[in-house]
Amino acid sequence: MSTTDPTTAPRLRLLSLGAGVQSSTLLLLAAHGAFRFDYALFADTGWEPRPVYAHLRRLEAIAEAAGIPVLRVSAGNIRNDALDTERHFVSMPLFTTSPEGQKGMGRRQCTSQYKVRPLKKAARRLLGYPHPTRVPRGVYATQAIGISADEVHRAKDADVAYLRNTFPLLDIGWTRRDCRAYLAAHGLGDTPRSACIGCPYRSNTSWRDLKAADPAGFADAVVFDAAIRHRPSAAAPPGMPPRYAYYLHRDRIPLGEVDLGTDTGPEPPGCSPWACRGNQADDSGRGEDRR
């Protein structure tokens with residue numbers, strides 16, 4: 001039977017839980033009986049803000065009461081890995097300057113490495129076919145993704161046969177505002193945006209909010225920013241100085257010296273594993289595991 005046969009029933013129904021507004025809404029709706037999920041999967045970068053982990057614990061309690069297992073999956077700690085000089089590149093989209101003064105930005109591969117791949121790996125394992133075992137034709141899981149009606153352009157098909165993306169919020173026509181209202185009505189009005197502590201896509205407003213909500217996390221970002229500045233590359237010849245200077249902040253100045261009261265652009269909504277709002281010229285995980 002073809003893997004595209006619409007009459008084939010899914011083996012599992014999964015929720016990609018980023019712990020942000022839309023995916024939290026989906027989990028809460030499922031807990032109230034609107035949808036059915038066999039598992040909710042949270043991809044943990046190891047460097048999430050304190051409010052995100054606190055909110056995730058609330059969601060886990062809600063899910064447990066509703067009989068929905070929440071599984072945390074991980075490919076490692078993004079902070080520690082970025083500072084590891086044995087690695088060939090920094091997977092985060094850091095802002096760069098060259099010795100000649102040219103400005104650039106690193107390639108965004110963190111979404112693929114720390115979000116998409118561990119979620120795919122978990123889906124395979126739950127289906128009973130861990131890599132490199134081939135998933136038989138017709139065996140697949142649906143994967144609910146929290147994309148609301150005001151972000152319909154972000155909805156994409158899965159790029160592997162064993163996953164089929166669904167978008168329940170689009171089906172019911174809910175916008176992000178509807179999600180916020182629903183969460184607030186059930187005591188979750190303070191649901192945070194989901195993005196790791198050192199996400200370079202933060203605006204000044206986002207950095208300021210992080211500093212207020214998680215002072216220790218912001219302080220750690222300042223330390224990381226200084227440590228990453230002239231990180232040597234494992235790919236460079238021995239004894240050669242680093243080619244670029246790396247920064248977390250878009251102004252390419254040390255994070256601890258930034259005037260966060262100055263507006264530097266719109267507030268980013270957060271980071272979605274399957275539809276990251278950042279630079280689209282990335283390695284999103286396509287083709288890395290199609291079987």
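Arg-79 comes out as buried, at a relative accessible area of 16%, where buried stands for under 20%, exposed for over 50% and partly exposed for whatever falls in between (1.4 Å probe, protein chains only). The model is a predicted one, so local features need pLDDT of at least 70 and side-chain atom pairs count only at pLDDT 80 or more, while totals for chains, interfaces and linings use all residues. Residue numbers start from 1 along each chain as its sequence is written, and side-chain values rest on heavy atoms, with hydrogens and water left out.

Arg-79 has a charged partner: Asp-220 forms a salt bridge with Arg-79, with 3.0 Å between the closest N and O atoms. Asp-220 sits in helix α8 (residues 215-228) and Arg-79 in helix α3 (residues 78-82), so this pair ties together parts that are 141 residues apart in sequence. Helices here are DSSP runs of H or I with at least four residues, strands are runs of E with at least two, and both are numbered from the N terminus.

The salt bridge count comes to 8, the rule being a side-chain nitrogen of Lys or Arg within 4 Å of a carboxyl oxygen of Asp or Glu. Another of these joins Lys-115 to Glu-48, with the closest N and O atoms 3.8 Å apart. Lys-115 belongs to helix α4 and Glu-48 to the loop between β2 and α2 (50-66), so the link spans parts 67 residues apart in sequence. Both Lys-115 and Glu-48 are buried. Arg-36 and Asp-38 also meet through their side chains, at 3.0 Å from N to O, and Asp-38 is buried at 18% relative accessible area.

Then there is the sheet. Its 5 strands form an open arrangement in the order β3-β2-β1-β6-β7, with parallel pairing; two strands pair if DSSP finds at least two bridges between them. The edges go to β3 (70-73) and β7 (163-166), each with a single partner strand, so one side of each has no neighbour in the sheet. On average, neighbouring strands are turned by 30° against each other, direction ignored. Strand β2 (residues 39-43) pairs with β3 in the parallel sense over 4 bridges, and Ala-40 has Val-70 in β3 as its bridge partner.

Helix α1 (residues 21-31) packs on this sheet, touching β1 (12-16), β2 and β6 (141-144), with contact taken as heavy atoms within 4.5 Å. The direction of α1 makes about 140° with that of β1; axes are lines fitted to C-alpha atoms, for helices over the stretch in contact, and angles run from 0 to 180 degrees between N-to-C directions. Helix α4 (residues 110-127) lies across β1, β2, β3, β6 and β7, running at about 150° to β2.
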